Amino acid sequence: MLDKNGIAKRIAKEVKDGMYVNLGIGIPTLVANYIPDGISVVLQSENGLLGMGPFPLEGEEDADLINAGKQTITTLPGSATFDSALSFGMIRAGKVDLTILGAMEVSENGDIANWKIPGKMVKGMGGAMDLVASAKNIIVAMQQVNKHGESKLLKSCTLPLTGVNCVKKIVTELGVYEVKDGAFHLLERAPGVSLEDIKKATEGKLVINSDVKEMEL
Amino acid sequence: MKKVVAHADEAVQDIKEGMTLMLGGFGLCGIPENCISALVKKGVKNLTCISNNAGVDDFGIGLMLQQKQVKKMISSYVGENAEFERQLLSGELEVELIPQGTLATRCMAAGYGMPAIFTPAGVGTEVAEGKEIRKFNGKDYLMELAFEADFAIVKAWKGDTMGNLIYKWTARNFNPVMAMGGKITIAEVEELVPAGELDPDQIHTPGIYVHRIFQGKNYEKRIEQRTVRFENKTI
């Protein structure tokens, strides 16, 4: 079974040279730590920055330079800043190659819910609805079961949707799934995880081919 | 052409009860601190505020919420404010949550003289309820209307006496599109210079959109999430 860093590490293998990538808050942010050496990618932060660099050294924080999680960050050689409309313009126009974000639920047809739990505090969708509606490729990083042991890979989402029919790939603590033709297709299982574990943790339609391998990290 | 005013109090003096305001900033980054303080001092109530976020409990729009000056917030993310949550749950505050790109583009549309935009954000979700959907090239889009705001209040890094503005780093965020979108736009800047000192090629917001400008003071520029690294490590 993978921990959060393990999920991030596996997702980092999906990041290819030359990509523009938007990383959501939480596990997706950790992906930046595992992008392989020798690969050149540009991280987009939807508050208006292409070329997000690492956190600043202590004492070099600048209140005017933050990421979409409101964390202090840095720029890199070749960075560009712009306004929020332009930022979502490049997202809407499909210029961002890969979007990695978290989810509370995903359905077998690729619907995603990640912004609201009715009756509890509603924080808002931020840029998630814009991102999932337009991204060419969306990978979801999530825990496959909730704290009550219930599956979050569902036949249909129970929570208010963020977007419909948009998730292409999911990486959880148990495995990697491709979402297509109305089912979760298991591509890889996490180290030490059995197919039985995966079946138990998947409520939606699950397709397991005979040659599913354990993932390599 | 007299755009320069002495201070925030003068800039906001005719903002009245019940008006709709656009307030620039992302989180606490690039917010018009001086004007928010002036609005708090003025105590004007029943405001509708279009702003990506609602500040934190004791800073930014949070200060206006404390004094119950806000009737309605139109935002994309409001998760950092306990007083906000309390007012929302008690029904004192009305909130309309909309996707961030939609929020920015509805401001921009106002400044571009376009009555509406079409966006795929929110199709198939509760955001789409009651909205017109149009199909272009086989894909569904929501029609979202340009905002109408009585005032836009923005913060820039530098400005000149003609109202031209330049922003810094990611403190730009919603400020340029809101500056364009208000019927009357107030800009507070860290440094106000005479016309001619800013390079025309570097202007982000042309002065035609800005009606009042002043040099702000005592900027706190609070950081919401101070994150640092140690030598030789990345994020």
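Between chain A and chain B of this predicted model, 25 residue pairs are in polar contact, with both residues of each pair at pLDDT 80 or more. On the side of chain A that touches chain B, the elements giving two or more residues are β4, α3 (84-92) and α4 (128-134) of chain A. The residues of that side divide into 22 nonpolar, 19 polar and 11 charged.

Charged groups also meet across the boundary: the rule finds three salt bridges between chain A and chain B. In a salt bridge that joins the two chains, the side chain of Lys221(B) meets that of Asp64(A), with an N to O distance of 2.6 Å.

The extent of the interface can be described by residues and by area. In terms of residues, 52 of chain A are in contact with 53 of chain B. The size of an interface is often given as the accessible area lost when the parts come together. For chain A and chain B, the buried area is about 4,500 Å², and carbon and sulfur atoms give 62% of this area.

Chain A holds an open sheet of 10 strands with mixed pairing, in the order β4-β3-β2-β1-β5-β8-β10-β11-β12-β13. Its edge strands are β4 (75-81) and β13 (206-214) of chain A, each of which pairs on one side only. Neighbouring strands of the sheet are turned by 25 degrees against each other on average, direction ignored.

Within this order, β2 (residues 42-45) and β3 (residues 49-52) of chain A pair in the antiparallel sense over two bridges. Ser45(A) has Leu49(A) in β3(A) as its bridge partner.

Technical notes
Residues are numbered from 1 along each chain as its sequence is written. Chains are lettered from A and ligands numbered from 1 in the order in which they are written. This is a predicted model: local features need pLDDT of at least 70, side-chain atom pairs count only at pLDDT 80 or more; totals for chains, interfaces and linings use all residues. Side-chain values use heavy atoms; hydrogens and water are left out. Two strands pair if DSSP finds at least two bridges between them. Helices (H or I, at least four residues) and strands (E, at least two) are DSSP runs, numbered from the N terminus. Axes are lines fitted to C-alpha atoms, for helices over the stretch in contact, and angles run from 0 to 180 degrees between N-to-C directions. Contact means heavy atoms within 4.5 Å. Buried area is the accessible area (1.4 Å probe) that two parts lose on being put together, summed over both. A salt bridge is a side-chain nitrogen of Lys or Arg within 4 Å of a carboxyl oxygen of Asp or Glu. A polar contact is a pair of N or O atoms within 3.5 Å; within protein, one must be able to donate a hydrogen and the other to accept it, and residues adjacent in sequence count only if both atoms are side-chain atoms. Ala, Val, Leu, Ile, Met, Phe, Trp, Tyr, Cys and Pro count as nonpolar, Asp, Glu, Lys and Arg as charged, and the others, Gly among them, as polar.
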